[in-house]
Amino acid sequence: MEHKTLIKNAGKTSFGTMLSRILGYIRDMLVAYFFGTGAFADAFYAAFKIPNLFRRIFGEGSFSAAFVPVFSEYLHTKDKSETQKFLNIVFTALFITLFVVSILGVFFAPALAKIIAWGFTNDPEKMQLTIDLTRLMFPFILFICLAAFLLAILNTLHSFFIPAFAPSMLSFSEIFYMLAVAPVLVSESQIKGLAVSVILGGALHFFIQYPKLKSLGWHLKFMLDLKHPGIKKIAILMLPSLVGLSVDQINAFVDNICATLISSGAVSALYYSNRVMQLPLAIFGLAFAAVSLPAMSKAYAQKDMAALKNSLNYSVRFINFALLPAAAGLMTVGLPIIKFLFEHGRFSYAGSIMTNNALFYYSLGLPAYAAAKIFANAFYSFQDTKTPVKTAIWAMILHIVLCMILMRPMGVGGLALATAVSSYFNFMLLAIYLRKRIGRFGLRLIIFSSCKSFISSIITAIVAWNACKVSDNLFISVPAAIVLSLAAFVVSSYILRSEELKTFKNAFVR
């Protein structure tokens, strides 16, 4: 029954995410068409990293990791009025914090931009554009972090589709801008207008979710009480995860600095390759991560360790089942996919080669990215935010060392490979610590299931490689490779009697 619930909830999240990502890829194709991998695109994506850093702190990152277990505890141990009061107080404290951070961010934009895009200092015009874009986009964090707060609430209340679809509002805003407004603008005005559309998209992201919250019988209003025990508990839980988040951002900072030192277009190539890799990761890996945290938090609040282990075990098995073939496919036919998606307008063949170089090595780490997130969620569910930080610090050290070693001989591919290797290292450390904490959680079953998925993935890669040769027309060969390789994976998984395929099929039929 737990497997069916996980699949059902993950399915809703995956469907909403898939729709959102489709709009996201249309947006990315338009950005690539207008700006390619040149100076404007580099400046935009470098500037966008700064509000995204704070989004990770006060949004889907450390705040959500601390908030969801506490909110789950209130839901299952307190009455509704007390839980509603807790939500209002957290909302007020978060709003005030974000408002202050937004103002400070606009004021300190020059210093922040010079830190995140240090490699642009040799090009004053590019650096100034990055500063201007940072100023324009900083208020984005107010809306996007409040939207992430709503997402955390709705997921804990077992509402998954709307929160997963809501990020598409950012894409919708940017797409509308590029189709209706950007063509009549010129030069820097185009990229600055895109930054403004980002803020509008963040606002839409928040407002599309709020009606769903009200329909479930909850609301948000201002109520300030910084001494509330729930606020204190979240703050205490956030402290270690803030350290862990700083580790993630140091990794991103190192990647960004190294990319600005490699060549022009390297920052954009990392972004585009990461976006392609993120599609299967978000649809399957992060979808299971999103539903596993509320499920494990509920199990821990009810003192049901068997249910917690069961949710953990099946989540890891299913993300391996889904992401191993995705990784194999992207590594095999990544270049045709990139050319199909982005090689239009100002996006050149050289940009496709550079982007694919990063995508190949990013794809190696696909299963590890999701598995590490799920294992970290297990610790968060019993309100241990310290252990994931310890493992993340060791992984960060490995990542930095590998970046320094690999960036010169491998370019952006070396940075992506450093990310993949350090993610596997982090995942293995988390598994070891969790085994010591809760005992056996079915590692043999995970390995046995993953071996079946690995065999099916090899078949998937072979079919994808050959299917991509059916035509020189990418609009024929790329869809053919995706459809035929997916069919090959399903057939081979059926022959190998993969339990995950059976569960997915039953849930899909329902």
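Predicted model: local features only at pLDDT ≥ 70, side-chain atom pairs only at ≥ 80, totals over all residues.
I began with P409, which is exposed at a relative accessible area of 62% (exposed means over 50%, buried under 20%, partly exposed in between, with a 1.4 Å probe and protein chains only). P409 sits in helix 17, residues 387–410 (helices are DSSP runs of H or I with at least four residues, numbered from the N terminus).

Residues are numbered from 1 along each chain as its sequence is written, and side-chain values use heavy atoms, leaving out hydrogens and water.

Next, the salt bridges. I find seven in the structure (a side-chain nitrogen of Lys or Arg within 4 Å of a carboxyl oxygen of Asp or Glu).

One of them pairs K126 with D42, N to O at 3.1 Å. K126 is in helix 6 (residues 124–137) and D42 in helix 2 (residues 39–58), so this pair ties together parts 84 residues apart in sequence. Are these two buried or exposed? K126 is buried at 11% relative accessible area, and D42 is buried at 1%.

Helix 6 came up again with D132, whose partner K192 lies in helix 10 (residues 188–207), so parts 60 residues apart in sequence are tied together. The closest N and O atoms of K192 and D132 are 3.6 Å apart, and K192 counts as partly exposed at 26%.

Then I looked up D384 and R437, with their closest N and O atoms 3.1 Å apart. D384 is in the loop between helix 16 (366–381) and helix 17, and R437 is in helix 18 (residues 412–438), 53 residues apart. D384 counts as buried at 12%, whereas R437 is partly exposed at 44%.

I also noted a network of salt bridges linking R27, D28, E174 and R275.

Last, backbone angles. Which residues other than glycine have a positive phi? H158 is one of them, with phi near 65°, in the loop between helix 7 (140–156) and helix 8 (161–165); H158 is partly exposed at 40%. R497 is another, with phi near 60°, in the loop between helix 20 (474–495) and helix 21 (499–509); R497 is exposed at 63%.

Notes:
Helix = DSSP H or I, 4+ residues; strand = E, 2+ residues; numbered from the N terminus.
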